[in-house]
Amino acid sequence: MTDRPPRSGLAAVSTALLAMSRHLEVRDVLKTIVASARELLDAEYAALGVPDDHGGFAQFVVDGVSDEQWKAIGPLPRQHGILASMLHEAKAERLADVRKDPRFEGWPSAHPDMSDFLGLPIRDGDETIGALFLANKRCPQGPAPADGCGFTEDDEELLGILAQHAAIALTNARLYERSRELTIAEERSRLAHELHDAVSQKLFSLRLTAQAAATLVDRDPARAKGELQQIAVLAAEAADELRAAVVELRPAALDEDGLVHTLRTQIQVLDRAHAARVTFDSSGVRALPAAQEEAVLRVAQEALHNALRHSEADRVAVSLVRRGQGALLSVTDNGKGFEPRSVRRAGRHLGLVSMRDRSSGVGGKLTVHSAPGKGTTIEMEVPGG
């Protein structure tokens, strides 16, 4: 925390609201809300709690407390005292000294000392989805009064504005995470179907070959030996299919591995699992904003699914190259293609609507090139950050 004076007025509020809307992950949104509130109201400490259904907090984010202090404080607080009042009565609490309030029940020994307090629930309609807490209002330049500076009615009004927008940002982040969970669930369902088809075929062949070997073992041992050797080959192929599916079923580790590595790994799996040759090439790609990387990965997966399941292609080439500050994804197959004028009719079948939505949702552009008998190329360009 620097010693610069707090920003004030419309510019400060605008900065705080823009910062909140910039993130999609719930944890990032919570951290941004807390930091924005603390800076905007010039408080020494700020916290935000998201209640669970068991009298505690599912998440609790603090600002102004070091990691060492936070670890020393211990478990997350329970919903009691003033915190419970804010969450259950859904009203603001502004106190000159929280320690003198009859509902105050103390805090752990490692907890920083706090006096003046301002708290406000974050509401989504009739539901309290969180609570913002601020403590120890910093005094402006000059000697501090004996009883501190304290939060004002204007501070409460400003925090109320922030809380309203925090509710929107937090709700949007939750919807985004839920959408991503559904996308992953859909992807796993699709992969489970592919796994079932591929492994079932191998196991069916395995069973027939084993029956043939059992029939031949007495009257034609040489042929029976050949059938047993084929069983070994089929069993190995089935094991490969299972391993490939397990690898692809793992959540894409974009945060840990990055977009290029994640794409390369998944394409290697698809190359092993399908008869078509699937290749990947990448050049000069920088790290992109998380939402753009997620969108590129999902569009690539959808385009690959189309190429491998519907196009009858025997070659699919994927490339990801740098384009200005962003990147250009290209998925090209040599399959049967389709008539671009029919793209509106074919769009739903090929997932083009979903791909366009993903692309436009991160400021990108999706282009489809195809012709009957000429294959298909799906291109997606994203702007970077």
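Author: A residue counts as buried under 20% relative accessible area, as exposed over 50%, and as partly exposed in between (1.4 Å probe, protein chains only). The model is predicted, so local features need pLDDT of at least 70 and side-chain atom pairs pLDDT 80 or more, while totals for chains, interfaces and linings use all residues. Residues are numbered from 1 along each chain as its sequence is written, and side-chain values use heavy atoms, with hydrogens and water left out.

Reader: Why is Glu 312 called exposed?

Author: Glu 312 has a relative accessible area of 67%, which is over 50%, and therefore Glu 312 is exposed. Glu 312 sits in the loop between α8 (290-309) and β7 (315-323), where helices (H or I, at least four residues) and strands (E, at least two) are DSSP runs numbered from the N terminus. Its phi is near 60 degrees, a positive value in a residue other than glycine.

Reader: What makes Ala 90 partly exposed?

Author: The relative accessibility of Ala 90 is 28%, which falls between 20% and 50%, so Ala 90 counts as partly exposed. Ala 90 lies in the loop between α4 and β3 (93-95), and its phi, near 55 degrees, is likewise positive in a residue other than glycine.

Reader: How do you know that the reach of helix α2 is close to the expected one?

Author: The expected span is 1.5 Å times one less than the number of residues. Helix α2 (residues 26-40) has 15 residues, and its reach from first C-alpha to last is 21 Å, close to the 21 Å expected. Among the buried residues of α2 are Val 26, Leu 30, Ile 33 and Ala 37. Just after α2, Asp 42 takes a positive phi of about 55 degrees.
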